[in-house]
Amino acid sequence: MKKLINFLLLPLLTACGGVTNNSNSNKITDPMLASKDFFFSGDYVYYADAAVLTDCATGITLPIAQTGDNLNAERRYTALPGPEMLPCYAIMEGYLQPKAGHGEGYPLELVITRFGQFDTLRHCNPKQRLAGRYIDKLADTTSQQITLELHDDYTYKMTTHDVPANSYGITEGHWGRLSESVVVFMVPNSADALATVNWEGPELVLSENSAFIKVK
């Protein structure tokens, strides 16, 4: 049984106001399987010949591809006041792709399609990391138990346990962020499903009858 349901898309707002969604501009087929760019935020660092982003949503340090809007990000980073090669919080749009060359480290790289802006007053909060294990706190646990796992490679796994029948159903797919507080789930053979983030949990709210609270 699929618990995911569709929402009306909320206005795409960010804390810095520098990024807007551009869902039809770039077709992504591998690995995130979506026809939209995604929102990323994290601590950006540019070294002599490479840049990385420590992703707030997963905690993973993503290498950044030397294509797209990364040159714009590099130029704006080097223009920041203060010492060089210090992390600076940034927001941007982009997508993940297999890293060229298959070298050491994380196997995916971030392609920046639209850089937003830097914010020298912010940093990632590990307590608000989205990757992890969730349970549906509104489900009737005597009849069904639902767990949701968001993995740091932006895949997810939802497991539904039918308690009376002692049977299990599994839905797997990809997830991403459309804005700082809107998460999209790409559901196989179905429409995308949206959730808003309550950062106090963090908690993923799909509807008034479905809310997943992070437990790990």
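Burial terms, before anything else: I call a residue buried under 20% relative accessible area, exposed over 50%, and partly exposed in between, with a 1.4 Å probe and protein chains only. This is a predicted model, so local features need pLDDT of at least 70 and side-chain atom pairs count only at pLDDT 80 or more, while totals for chains, interfaces and linings use all residues. Residues are numbered from 1 along each chain as its sequence is written, and side-chain values use heavy atoms, with hydrogens and water left out.

Entry: I looked up Cys88 and got 6% relative accessibility, so it goes down as buried. Then I searched the whole structure for disulfides (cysteine sulfur atoms within 2.5 Å) and found one. The partners are Cys56 and Cys124, with sulfur atoms 2.0 Å apart. The torsion about the S-S bond is -85°, which I noted as left-handed. Cys56 sits in the loop between strand 2 (51–55) and strand 3 (61–63), and Cys124 in the loop between strand 5 (108–119) and strand 6 (132–136), so the link ties together parts 68 residues apart in sequence. Strands here, like helices, are DSSP runs numbered from the N terminus (E, at least two residues; helices are H or I, at least four). Cys56 is buried at 13%, whereas Cys124 is partly exposed at 21%.

**Entry: strand 8.** How many of the eight residues of strand 8 are buried? I get six for this stretch (residues 155–162), so the strand is largely enclosed by the rest of the structure. Next I checked its pairing (at least two DSSP bridges between two strands). Strand 7 (residues 144–150) pairs with strand 8 in the antiparallel sense over seven bridges, and Leu150 stands opposite Tyr156. Their hairpin has four residues between the strands, and Tyr154 takes a positive phi near 65° there. On to strand 9 (residues 167–179), which is antiparallel to strand 8 over eight bridges. His161 of strand 8 faces Tyr168 of strand 9 in that pairing. This hairpin also has four residues between its strands.

**Entry: Ser179.** I found Ser179 in strand 9, buried at 3% relative accessibility. A polar atom of the Ser179 side chain lies 3.4 Å from the backbone nitrogen of Val182.

Entry: I listed contacts (heavy atoms within 4.5 Å) for Leu204. Leaving aside neighbours within four places in sequence, its partners include Leu130, Tyr134, Leu148, Phe185 and Phe212.

Entry: Most residues other than glycine have a negative phi, and most peptide bonds are trans. Asn166, not a glycine, has a positive phi of about 50°. I placed Asn166 in the loop between strand 8 and strand 9, exposed at 54%. Asn189 also has a positive phi, near 60°. Asn189 belongs to the loop between strand 10 (182–186) and strand 11, and at 85% relative accessibility it counts as exposed. Pro202 is in the loop between strand 11 (193–198) and strand 12 (203–207).

Note on methods:
A polar contact is a pair of N or O atoms within 3.5 Å; within protein, one must be able to donate a hydrogen and the other to accept it, and residues adjacent in sequence count only if both atoms are side-chain atoms.
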